[in-house]
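This briefing is for a reader new to the structure. Please look over the sequence and the model before reading on.

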Amino acid sequence: QVQLVESGGGLVQPGGSLRLSCAASGFTFSRHTMKWYRQAPGKEREFLAGISTTGGITNYADSVQGRFTISRDNTKNTIYLQMNSLKPEDTATYYCNAISATMGTLYDYWGQGTQVTVSS
């Protein structure tokens, strides 16, 4: 079955770094655009970063541009989110998303999330 499993979250001090991973299985990973989102308590889910199937195109939300880097390894069916210069407002649950549209059918998969807490 389809699985997206995030890992790498935790507690970090302001200014610190974390690297999140999202391991995929159960679908053709290399054919899916991959994205990272986050959701803080009481707030809507927020898009952070996206990466094309080959990794050649990336895009970022203004809130993380220059601090976060998305990457993927299609040989490992895994995407990453390198997060630097973390701020308390980055505290949230972080989710990975796989999406593709084939023959008019949308395939949209989500992981369970990993918690990131930025606090001194």
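The points below cover the sheet, the disulfide, the nonpolar core and the aromatic rings.

This is a predicted model, in which local features need pLDDT of at least 70 and side-chain atom pairs count only at pLDDT 80 or more, while totals for chains, interfaces and linings use all residues. Residues are numbered from 1 along each chain as its sequence is written, and side-chain values use heavy atoms, with hydrogens and water left out.

**Sheet**

- An open sheet is formed by 4 strands in the order β1-β3-β8-β7, with antiparallel pairing; strands are DSSP runs (E, at least two residues) numbered from the N terminus, and two of them pair if DSSP finds at least two bridges between them.
- The edges are taken by β1 (3-7) and β7 (68-73), each with a single partner strand, so one side of each has no neighbour in the sheet.
- From one strand to the next, the twist averages 15 degrees, with axes being lines fitted to C-alpha atoms and angles running from 0 to 180 degrees between N-to-C directions.
- β7 pairs with β8 (residues 78-83) in the antiparallel sense over 6 bridges, and R72 stands opposite I79 in β8.

**Disulfide**

- The count comes to 1 disulfide, the term meaning a pair of cysteine sulfur atoms within 2.5 Å.
- C22 is joined to C96, with an S to S distance of 1.9 Å.
- C22 lies in β3 (residues 18-25) and C96 in β9 (residues 92-102), so the bond ties together parts that are 74 residues apart in sequence.
- The torsion about the S-S bond of C22 and C96 is about 45 degrees, so this disulfide is right-handed.
- Both C22 and C96 are buried; buried means under 20% relative accessible area, exposed over 50%, and partly exposed in between (1.4 Å probe, protein chains only).

**Nonpolar core**

- The largest nonpolar core has 30 residues, and those with the most contacts inside it are L4, W36, L48, F68, L81, M83 and Y94.
- Such a core is a set of buried Ala, Val, Leu, Ile, Met, Phe, Trp, Tyr and Cys residues joined through side-chain atoms within 4.5 Å.
- At least two residues of this core come from each of β3, β4 (33-39), β5 (46-51), β7, β8, β9 and β11 (114-118).

**Aromatic rings**

- The whole structure holds 3 aromatic pairs; rings of Phe, Tyr and Trp (its six-membered ring) pair if their centres lie within 6.5 Å, and planes under 30 degrees apart count as stacked, over 60 as edge-to-face and the rest as tilted.
- F27 and Y109 form a tilted pair, 5.0 Å centre to centre and with 45 degrees between the planes.
- F27 lies in the loop between β3 and β4 and Y109 in β10 (residues 105-110), so this pair ties together parts that are 82 residues apart in sequence.
- F27 is buried at 13% relative accessible area, and Y109 counts as buried at 19%.
- Y37 and W110 form another tilted pair, 4.9 Å centre to centre and with 55 degrees between the planes.
- Y37 is in β4 and W110 in β10, 73 residues apart.
- Y37 counts as buried at 16% relative accessibility, whereas W110 is partly exposed at 32%.
- Ring pairs link Y37, F47 and W110 into a cluster.

**Charge over rings**

- R45 lies over the face of Y95, at 3.9 Å from the ring centre, and over the face of W110, at 4.7 Å from the ring centre.
- A charge sits over a ring if NZ of Lys or CZ of Arg is within 6 Å of the ring centre and within 35 degrees of the ring normal.
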